[in-house]
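Q: Can you walk me through this one? I'd like to start with the contacts and then jump around a bit.

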Amino acid sequence: MYNLQIRGKHIHGDKSLGRISTDIIAPIDDKTPLWWSAAFVVSLGLFGWGIYSMYITVTQGIGTWGVNNTVGWGWAIINFVWWIGIGHAGTAFSIFLLILRQTWRTAINRAAEAMTVVAVGCAALFPLLHMGRPWLFFFIFPYPNTRGPLWVNFNSPLFWDFVAISAYLLISASFWYFGMVPDFATIRDTTKSKVKKAVYGFFSFGWTGSSKQWLRFEALSFVLGGIAAVLVVSVHSIVSTDFAVSVEPGWHTTIFPPYFVVGAIFSGFAMVLTLVALMRKLYKMEDFITDSHVDAVCRVLIFISLIMGTAYLTEIFMAWYSGSTYEMYTFFRNRIFGEYAFQFWAMFICNAIIPQLFWFKSVRSRLWIVFIISILINIGMWFERFNIVVTSLSKNYIPANWASYSPTIIEIGLFVGTLGMFSAGVLLFFRYIPMIAISEIKSVSKYDKEPDLTQFLSHETQKNQAKH
Amino acid sequence: MNKYMVGVFNDEFDLVKAFDQVKASGNRIDEVFTPYPIHEVIVKMGKRTRISHAAFFYGVFGAASLLGFMYFASVISWPLNFGGKPTNAFPSFLVVTIVGTILIVTILTLLTFSIRAKIFPGKKADIVDLRATNDKFILVVDSNVPGFQPDKVEKLLKDNGASEVYLNVESPAKL
């Protein structure tokens, strides 16, 4: 099932089980490093700018943004879709790779799930703020009210979106948390600090590791993994219907759901790669996140990048093949050679061309190049959402409607604020939560021993070997 | 007070070997504590779980109640005309039904798990050996059975690679 010759070892350095625990818990037990404090202060500063922009948005209204009647969706929706996309890595990693029996996921899935929870939290802010009056947010819940009762529109993709995002946030957070319970118990039972014993003891839910608990724990992961696999596909498909159900040129296509899902997994994996590179360098996790892990993620990215390239070309081909003037205008005169050519080519080069460098082993094995490419992919994915949201809206069927869009400092502040929120969340995760799933990686460490293949040999070969 | 004989192992394979032999010698194994799930032991302990059955019924319940609620809200309680579409717009109700069902199944299954595995925030762990969540595999043999021979079981555990064997008065049966 797992081939050492192809993939390499899960854990380098022949670590004992006890050593695995101490090595992974080390960042929690050590003193706070200086770089951590500095990075945390910077993140909080960026988040502060975001809070200020939120304050201005809420007190003065959406007029402080650059959006207008024509381009009604600007950076807010771009950022929303971008963050949700990044948030797809957690479930994709934990669940798709679980179903495909990829044991190497155990070193990465915890970080990917943490990233998911923070990223979906960032994403959820944008539709909330775009409402203009966020305090009336509860109107979206179908509750018996005094206005009729007037229910919400169950046929609206915007309502589907609300259901999908809230469900995704709750489910990925609980999946992440329950995966951590055995690891909190490990910290509780190994730490010498009384405070940590009490805190992690509280969060470890009285976990003992008895066979009865493991039996139910396994059944739970099985059930949650099985049903959450649907979410990997459904959440971004639903986000894509926000666009595909409307009749704007460039939006009204059936390619959107798969195109969005693949794009989401693409940006999620790229962000995981960014984080993993940081974990390796800053926390010296080279023994757990080996070259072979980075290599595996890069290979997945080549594959997804090819799908992305195919999707871009399919869209362009269909615009031409449809013979529709509006589609052709949007793709050729507005995106490829028009006002938004820079955004189009940034998207195309970063997502479809640059990741092809991963075909070369010399690129995959240089962590700093991998790190840079992973960031370029995320920039490219941001431009993809810009392309979709802004170009179609800015020039639709009636030229009298046409308008350009550029963001204001408040919109930029909101985006930078979520970047700060994300990095602060990730830093807290690095500092206080075991960043690798301890119990899961222990369970695969046994595969690192050289497999005993004698049972597969014929009796004669065994006899011959015994003679020699 | 009940007494238990505790065998501490360094290796999952030794534990499985000892487990089989202790069982074959006619002794009762009370519980096994391991840092990660070991399927062989879980199966041989003979316990079964019906969490997946429960999850299936939660799913049926969730889907039926969501569809029922949307039918009630859009057909019975306050029918609204959205561009002449039928008020019972079944295909577009499916999206909310699928996602909502997944949410309901997740929450109810987690609750079921917490209740059945008896874990909740702040619970004090009744632990036999603190090293069980770190790097040791703990086999707890019931020593209250009539005819229990401590020396024999101790030898059996040690022969199969137990690094330590001791008697524990705590009762892990409650776990």
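Predicted model: local features only at pLDDT ≥ 70, side-chain atom pairs only at ≥ 80, totals over all residues.

Q: OK, which side chain does A:Arg110 make a polar contact with?
A: The side chain of A:Asp183, at 3.1 Å. A polar atom of the A:Arg110 side chain also lies 3.1 Å from the backbone oxygen of A:Pro434.

Q: And where does A:Arg110 sit, buried or exposed?
A: A:Arg110 is in helix α6 of chain A, residues 109-130. Helices here are DSSP runs (H or I, at least four residues), strands are E runs of at least two, and both are numbered from the N terminus. A:Arg110 counts as buried because its relative accessibility is 3%. The cut-offs are under 20% relative accessible area for buried, over 50% for exposed, and partly exposed in between, with a 1.4 Å probe and protein chains only.

Q: What else is A:Arg110 in contact with?
A: Leaving aside neighbours within four places in sequence, the contacts of A:Arg110 include A:Trp176, A:Gly179, A:Met180, A:Phe429 and A:Met435. Contact means heavy atoms within 4.5 Å.

Q: Switching to the two chains. How many residues of chain B are in contact with chain A?
A: 62 residues of chain B, and they meet 55 residues of chain A. The area buried between them is about 5400 Å², with carbon and sulfur atoms giving 73% of that. Buried area is the accessible area (1.4 Å probe) that two parts lose on being put together, summed over both.

Q: How many salt bridges between chain B and chain A?
A: One. That's A:Lys212 with B:Glu31, whose side chains meet at 3.5 Å, N to O. A salt bridge is a side-chain nitrogen of Lys or Arg within 4 Å of a carboxyl oxygen of Asp or Glu. There are also 14 residue pairs in polar contact across the interface, both residues at pLDDT 80 or more.

Q: Which part of chain B gives the most to the side that touches chain A?
A: α4(B), with 16 residues. Elements supplying at least two residues each include α1 (12-24), β2 (29-33) and α4 (90-116) of chain B.

Q: How many salt bridges over all chains?
A: 17. One of them joins A:Arg299 and A:Asp295, with the closest N and O atoms 2.6 Å apart. The two are separated by about one helical turn, because they are four residues apart in helix α11 (residues 291-322) of chain A. A:Asp295 is buried at 10% relative accessible area, while A:Arg299 is partly exposed at 42%.

Q: Which residues are linked with those two in a network?
A: A:Arg364 is linked with A:Asp295 and A:Arg299 in a network of salt bridges.

Q: New topic: which residues make the nonpolar surface patch?
A: A:Trp49, A:Tyr52, A:Tyr55 and A:Ile409, for about 470 Å². Three residues, the largest share, come from helix α3 (residues 34-60) of chain A. A:Ile409 is in helix α16 (residues 409-432), and counts as exposed because its relative accessibility is 56%. Patches are made of residues with over 30% relative accessible area and no salt bridge: like charges are joined within 9 Å, nonpolar side chains (Val, Leu, Ile, Met, Phe, Trp, Tyr) within 5 Å. Accessible areas come from the Shrake-Rupley method with a 1.4 Å probe, and for residues only the protein chains shown count as cover.

Definitions and conventions. Residues numbered from 1 in each chain as written. Chains lettered and ligands numbered in written order. Heavy atoms only, no water. Polar contact = N/O pair within 3.5 Å; in protein donor to acceptor, adjacent residues only side chain to side chain.
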